[in-house]
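Have the viewer open as you read.

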Amino acid sequence: MKYSGIGGQAVMEGVMMQNKDTYAVAVRKPDHEIDVKVSKRKNSKALDAVRKIPILRGVVSFVDSLYLGMSTLMYSASFFEDEDDEGTLASKKKEKELTAEEKKKRAAKEKKQENAMLGGTVVLSIVIALALFFALPYFLSGLFKKVISSQMLIAFIEGVIRLAIFLGYIAIISLTPDIKRTFMYHGSEHKCINCIEHGLPLTVENVRKSSKHHKRCGTSFLLIVMLISILFFMFIRVDSKSLQLLLRLVLIPVIAGVSYEFIRLAGRYDNPVVNLLSVPGLLMQRMTTKEPDDEMIEVGIASVEAVFDWKKWQEENNVCAH
C-alpha cells in the first residue's frame, strides 16, 4: 500500500497541494519567479467529527475542496491582473497614502468581500452543475418515454445523457489555451505525487518520467459520481415526476459520499479489483491531464515541499524505487 496523504489540484499558472489542514499554492509569476503561499485551514470540532464518518466525510470534503479550489484560483489569478490599468495604478498610489490602521481596516473589508464572493461563487457553481448535469439529463431522457416503457431503461438513458454532457463539457473547455495550461499543471501535480509514492527523489528529472495519472484524482471522482448515479437512479424509482427530480437532488450528497469512499479506497490499495474499477477514471484523466514542461514541474515540486516532508515519509514507510 502506498499512500502519501497529500492531494492537490491545478490552479491558474500553478499548483495547490494539501496535507491534512495545511495547504500551499505555488504560482509561476509573470516574471518567472515562483511564489509560494502556505495557509492553514480553521476547522471546528464538529467538522472534524464529521470527517471521521464514512459517506458524510465525502460530502464535507467535496464542498470544502470546491471552496478551497475557488479561493486558490482567485489567489493565483491575482498575479495576472493588468498592471498597466490606470485604475490599478491609481489604487496602488492611493494605498501608499493610507495609515497603518486604515490599511488594516481596508484589508479586513477586502477579506470580508472576498469571502462573500467565494461563498456566492461556490453556491452558483453548485446550482449550475445541478441544472446542467442532473436536471437537464432528466428532462431530456423524458423524451424517450413515448417509445420506451421501461423506467429502468429510461433511467439508464438519463445516465448516458448525463455522462455525454459531462464529457462534452470537458472536451470543449479543454480547447481553450488557459484550460490547456491548467491541465498541464494538473499533470505536474499528479507526477509529483506519483514520484514520491514510487520512492523516487523529488527532482525535475524523476517527476518528468513519472505518470500523469493518479487514482485519487478529482476528475476521477466526478466521473465516478456520474457512473454511480446511473445505478442509483435505475433502482430507486418513484412514479411522481416532481418526486423523481427531488429524489435526484436529495441523493446527490449520498452519491458524492459513496464516490468519495471509492476514490479513498482506490488511492490506498493496489489490487486487481480496485485497479479494474479505477480504469474509467484513469481514462478520463487522458482528457484532464497533459504533459507539463520543466517550469511547471518546478512549480509542482515547490508546492509539495511547502507542506510535505517527502523524504521523511519515504523513510518511515520504507518506500524505495522499483
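Start with the open sheet, whose four strands follow the order S1-S2-S3-S4 with antiparallel pairing. Strand S1 (6–11) and S4 stand at the edges with a single partner strand each, so each has one side left without a neighbour in the sheet. From one strand to the next, the twist averages 15 degrees. Strands here are DSSP runs of E with at least two residues, helices are DSSP runs of H or I with at least four, and both are numbered from the N terminus. Two strands count as paired if DSSP finds at least two bridges between them.

Before going further, a word on the source: this is a predicted model, in which local features need pLDDT of at least 70 and side-chain atom pairs count only at pLDDT 80 or more, while totals for chains, interfaces and linings use all residues. Residues are numbered from 1 along each chain as its sequence is written, and side-chain values use heavy atoms, with hydrogens and water left out.

S1 pairs with strand S2 (residues 14–19) in the antiparallel sense over six bridges. Within this pair, glutamine 9 stands opposite methionine 16, and alanine 10 has valine 15 as its bridge partner. Two residues lie between S1 and S2 in their hairpin, and glutamate 13 in the turn has a positive phi of about 55 degrees. Further along, strand S3 (residues 22–28) and strand S4 (residues 34–40) are joined by seven bridges, again in the antiparallel sense. Here valine 27 has aspartate 35 in S4 as its bridge partner. The hairpin of S3 and S4 has five residues between the strands, and histidine 32 in the turn shows a positive phi of about 75 degrees.

Which helices lie across these strands? Helix H2 (residues 56–77) lies across S1, S2, S3 and S4, at about 45 degrees to S1. Helix H6 (residues 177–197) lies across S1, S2 and S3, running at about 160 degrees to S1. For such angles, axes are lines fitted to C-alpha atoms, for helices over the stretch in contact, and the angles run from 0 to 180 degrees between N-to-C directions. Contact itself means heavy atoms within 4.5 Å.

Arginine 28 forms a salt bridge with glutamate 298, with the closest N and O atoms 2.8 Å apart. Glutamate 298 belongs to helix H12 (residues 294–307) and arginine 28 to strand S3, 270 residues apart. A salt bridge here is a side-chain nitrogen of Lys or Arg within 4 Å of a carboxyl oxygen of Asp or Glu, and by this rule the count comes to ten.

Finally, turn to helix packing. The axes of helix H5 (residues 151–173) and helix H8 (residues 218–235) come within 8 Å and cross at roughly 165 degrees. H5 and H8 are therefore roughly antiparallel, a label for angles over 145 degrees; under 35 is roughly parallel, 65 to 115 roughly perpendicular and the rest oblique. Their contact includes Phe156 and Leu163 of H5 and Leu223 and Phe233 of H8. H8 also packs with helix H11 (residues 279–288), at an angle of about 125 degrees and with the axes 8 Å apart. That makes H8 oblique to H11. Among the residues in this contact are Leu223 and Leu227 of H8 and Leu282 and Met284 of H11.
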